[in-house]
Amino acid sequence: MLSVRRLGAAVGAVALAASVFAAEIPRAERRSGYHFMSPQTRAMQDDDTANPGMLWVLEGESLWNRKIGAAGRACADCHGDARASMKGVAARHPSFDAAQGRPVNLEQRINRCRIDRQKAPPLAYESRDLLALTAYVARQSRGLPIDLAIDSRAQPFLDAGGATFRRRQGQLNLACNQCHDDNWGRRLAGNVIPQAHPTGYPLYRLEWQSLGSLQRRLRNCLAGIRAEPYEYGAPELVELELYLMWRARGMTIEAPAVRP
Amino acid sequence: MASALINVPARAKRGEIIEVKTLISHPMETGYRRTQLGAAIPRDIIRLFVCAYNGTEVFRAELHPAIAANPFIVFSTVATESGTLAFHWTGDNGFSATESAAIAVD
C-alpha cells in the first residue's frame, strides 16, 4: 500500500516536472542574450563608436539614399527620412504580406520593395548590401518593444513556427525548446545557453567577425544539432522567426546587437 | 568601401589625457585560409595605422594576420592644442583610408 502510494507520488512528481519543463519562459524571467554576455561585450554593444554593427548601419544609410534600378528611385524617395518612417518597422516583422499570403521577414520586405518599386534585382541573403540596409532599418527601432500583429491570417504560420521550435530534429534529436526553454542559463560546452530572443538582429557576432541575420543564426543552430539547415528564405525559417519574435513580444529591440 | 567610426572628445582641457577610439571596416583576411576547393585565399590585411595630431605622429600600430576583422584600435594621447587628429590606415592591395576629427582644447 505504502509502496503504491510512494510510486504514485513519484509518478506525480515526474508529471509535474514534465509540465514545468514544457512551459514557456514566464514573462518576468525573460532575458535578452545581452544579459548573458561579459561586461566587455556589453560595453562594445552599448557604445556606437565601438559597436562594429554600426559600420553596416553607416553603409545602409548611404544605400538608403542611392538611386537604383530601372525606376531610378532610392528608398528615401518614397520613405523619406528613415529615422521617422522606419521607426518600429523591425519590431513588427515578420509581418503578414497579403499579396503573398504569408509572413515575410525584414530582408524579404526590403527585397520586395526593390523588385516592385525600384525595379532592381533582389539582393542575395547575407550579402553586404542586404545586411547593411536591414541593419539601417532595424537600427531605427532600437529601444522599442517587439509588437507583432497576429491576426487569423498569421496565426497558422505562428503555430507552424511554434511546432518547428518544439520538434526534435537532426542526428542529436533535439528541439529548440529543449535548450532555450528548459535549460537556458546553464552551460553547453562552456557557453551559456541564452533564451533565444531575437532582439538584436541583424547582429554582429564576434565568432563570425561579421554582421549576420537571424536566419544565419538559426541555420548555425540547426547545423549544431546536426540537422540539415533550411535554405535561406525557406518558409520554415520565416515561420520560426515569426514564432521567436512573438515569443519575445514586449522585449526591447537592440539592433544592431553584439554577441559572442 | 571603407567606412570608419571615430570617437574623439570634442573638447578637452590642455594637458588632459584623452581616449581615442577608432573602428574600421576591413575583412582582415589572414592568407592562411583556403576555399572549399583548396585554393589559397590571398592575404588582405591592414598593415599600418597612424594617427597624427596637427601633423605630429602620436600613435602608430603595425597590424598582423591574427588581428580580427574590423579592427578596433583604442589609444590615449595628451590634449596639447586645438586642431585635428588625422587617422590613416594602409594595407594590402593598395588599401588606404583616411579620417579626421577635430578637437578644441582650452
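**Close-up 1. Helices α6 and α7 of chain A cross at roughly 110°.** In this predicted model, α6(A) covers residues 106–118 and α7(A) covers residues 128–139, and their axes come within 10 Å of each other. Angles of 65 to 115 degrees count as roughly perpendicular, and that makes α6(A) roughly perpendicular to α7(A). From α6(A), the residues to look for are Leu106(A), Glu107(A) and Ile110(A). Facing them from α7(A) are Leu130(A), Leu133(A), Thr134(A), Val137(A) and Ala138(A). Sort the residues of this contact by type and you get six nonpolar, one polar and one charged.

**Close-up 2. A three-stranded open sheet in chain A runs in the order β6-β5-β7.** The pairing here is mixed. Who sits at the edges of this sheet? That would be β6 (210–212) and β7 (258–259) of chain A; each has a single partner strand, so one side of each is left without a neighbour in the sheet. Zoom in on β5(A), residues 203–205, and you'll find three bridges joining it to β6(A), with the two strands running antiparallel. For a handy landmark, pick Tyr204(A), which stands opposite Leu211(A) in β6(A).

**Close-up 3. Chain B has a five-stranded open sheet, ordered β2-β8-β7-β4-β5.** Once again the pairing is mixed. The edge places go to β2 (11–12) and β5 (56–62) of chain B, and each of these pairs with a single strand, so one side of each has no neighbour in the sheet. How many bridges join β4(B) to β7(B)? Seven of them link β4(B), residues 46–53, to β7(B), residues 83–91, and this pair runs antiparallel.

**Close-up 4. Chains A and B meet through nine residues of chain A and eleven of chain B.** Let's take the chain B side. Two strands, β1 (4–7) and β3 (17–24) of chain B, each supply at least two residues of the side that touches chain A. Which element gives the most to that side? It's β1(B), with three residues. By type, the residues on the side of chain B that touches chain A split into six nonpolar, four polar and one charged.

Notes:
Residues are numbered from 1 along each chain as its sequence is written. Chains are lettered from A and ligands numbered from 1 in the order in which they are written. This is a predicted model: local features need pLDDT of at least 70, side-chain atom pairs count only at pLDDT 80 or more; totals for chains, interfaces and linings use all residues. Two residues are in contact if their C-beta atoms, placed from the backbone, lie within 7 Å. Helices (H or I, at least four residues) and strands (E, at least two) are DSSP runs, numbered from the N terminus. Ala, Val, Leu, Ile, Met, Phe, Trp, Tyr, Cys and Pro count as nonpolar, Asp, Glu, Lys and Arg as charged, and the others, Gly among them, as polar. Axes are lines fitted to C-alpha atoms, for helices over the stretch in contact, and angles run from 0 to 180 degrees between N-to-C directions. Angles under 35 degrees count as roughly parallel, over 145 as roughly antiparallel, 65 to 115 as roughly perpendicular and the rest as oblique. Two strands pair if DSSP finds at least two bridges between them.
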